[in-house]
Structure formats: structure tokens, C-alpha cells
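Colleague: I would like to learn how to read a model of this kind, feature by feature. Could you take me through it, giving the general idea before each case?

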Amino acid sequence: MVVITSHAEFESYLAKEIGVSPWHKVTQQQINNFADATLDHQWIHVDVERAKTESPFKTTIAHGYLTLSLVPFFWKQIADVRNLRMEVNYGIEQLRFGQAVLVDNEVRCRVSLKSIINLRGTTKATLYIQLEIKDQPKNAFAGDVVFLYHFI
């Protein structure tokens, strides 16, 4: 795990890979919980029997936004950003979903620092994030995730 305690330390990763998270299995229970939380109960996500016969994937798939919502979880496994007053999710740019995540697939994040700016004491970091699917050539998604960090 990388430890970052200041803007200058963060900036040292510019145009470099910061790290890769461990694998995480996406279970049907996690998909069902996400469906309940978001009120998105589309059958391709939650109806196991129907998905076996009617889905082109022959199984249920994770919501695209479920996979995206895992970014903070994975990021915390890659980097420990310390000495903060506050950290804010600021935006998502140029994100594209490339391949569905099937139930019980394992996924992980690969993160590099695309850009970093000091905005009058606030660090704006743009991370290029790829969600990889184990044993699959295509990413589940790739794009830029922007965080604001208020270092002490």
C-alpha cells in the first residue's frame, strides 16, 4: 500500500501507476443488496433462474453502477492518503463500460495518477482507473475519477 501525506508526495506519482488492488468477488448477495439500495431490480441483475435461460450471459450480472461504486473501496486498498481535513468525490470523466461483470467474477482496480493540481490549498487529483475482470481481456470499465483532498 502507498502512503501519501501531502500534495508533493501525491504529485510524485504523476503519470505513473500508483497500484493495483486485491481481487474482490462480486456475489449475488452483493448484487441483491445494491438492487435494494438503488431500487433497481431489473431481472438481469436479480432473477437468477430467468437469467439462466433468457440472458445472453446465461447468469446474472452486476449493475454497472455497482462496479463503479467499488472505486472508493479499492482505492483505500491501494493508497492511504493521510493528513487530511477532508476528502471529497468530485467527478467522473470519460468513463466507459467495456464488459459486464458476471456474478461471482473477481474484479480489481488498477490506478494511475493522470493529473494533479493545487487549487489554492486543495489538491485536485484525477485518477485513471481501470476495473479489471479476472481472466478477461477487456476491462469492466475505464475512466477518470476526480477527488479533492484538503491536506492539513
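Modeller: Let us begin with accessibility, where buried means under 20% relative accessible area, exposed means over 50%, and partly exposed is what lies in between. Please keep in mind that this is a predicted model.

Colleague: With which residue does the side chain of Arg-50 meet in a salt bridge?

Modeller: The partner is Glu-54, and the N to O distance is 3.0 Å. Both residues belong to helix 4, which spans residues 48–54, and they are four residues apart, about one turn of the helix. Glu-54 is likewise partly exposed, at 47% relative accessibility.

Colleague: How many salt bridges does the count come to?

Modeller: The count comes to nine. One of them joins Asp-80 to Arg-82, with the closest N and O atoms 2.7 Å apart; here Asp-80 is partly exposed at 25%, and Arg-82 is partly exposed at 41%.

Colleague: Which parts of the chain does the salt bridge between Glu-132 and Arg-110 link?

Modeller: In that pair the closest N and O atoms are 2.6 Å apart. The bridge links distant parts of the chain, since Glu-132 lies in strand 7 (residues 122–133) and Arg-110 in strand 6 (residues 106–119), 22 residues apart. Glu-132 counts as buried at 14% relative accessibility, while Arg-110, at 21%, counts as partly exposed.

Colleague: How should I read backbone angles, and where does phi take a positive value in a residue other than glycine?

Modeller: The general idea is that most residues other than glycine have a negative phi. One case here is Ala-15, whose phi is near 65°; Ala-15 sits in the loop between helix 1 (7–11) and strand 2 (17–20), and at 70% relative accessibility it counts as exposed. Another is Gln-94, with a positive phi of about 55°. Gln-94 is placed within strand 5, residues 84–97, and counts as exposed at 62% relative accessibility.

Colleague: Which residues of helix 6 are buried?

Modeller: In helix 6 (residues 71–78) the buried residues are Val-71, Phe-74, Trp-75 and Ile-78. They are on the same side of helix 6 because they cover an arc of only 100° around the axis.

Colleague: Is His-7 buried or exposed?

Modeller: His-7, which is found in helix 1, counts as buried, with 16% relative accessibility. Leaving aside residues up to four places away in sequence, His-7 touches Ile-116, Ile-117, Asn-118, Thr-123 and Phe-151. His-7 and Tyr-149 are 142 residues apart in sequence, yet their C-alpha atoms are 8.5 Å apart in space.

Key
Residues numbered from 1 in each chain as written. Predicted model: local features only at pLDDT ≥ 70, side-chain atom pairs only at ≥ 80, totals over all residues. Heavy atoms only, no water. Helix = DSSP H or I, 4+ residues; strand = E, 2+ residues; numbered from the N terminus. Buried < 20%, exposed > 50% of the residue type's maximum accessible area, 1.4 Å probe, protein only. Arc of directions from axis to C-beta. Contact = heavy atoms within 4.5 Å. Salt bridge = Lys/Arg side-chain N within 4 Å of Asp/Glu carboxyl O.
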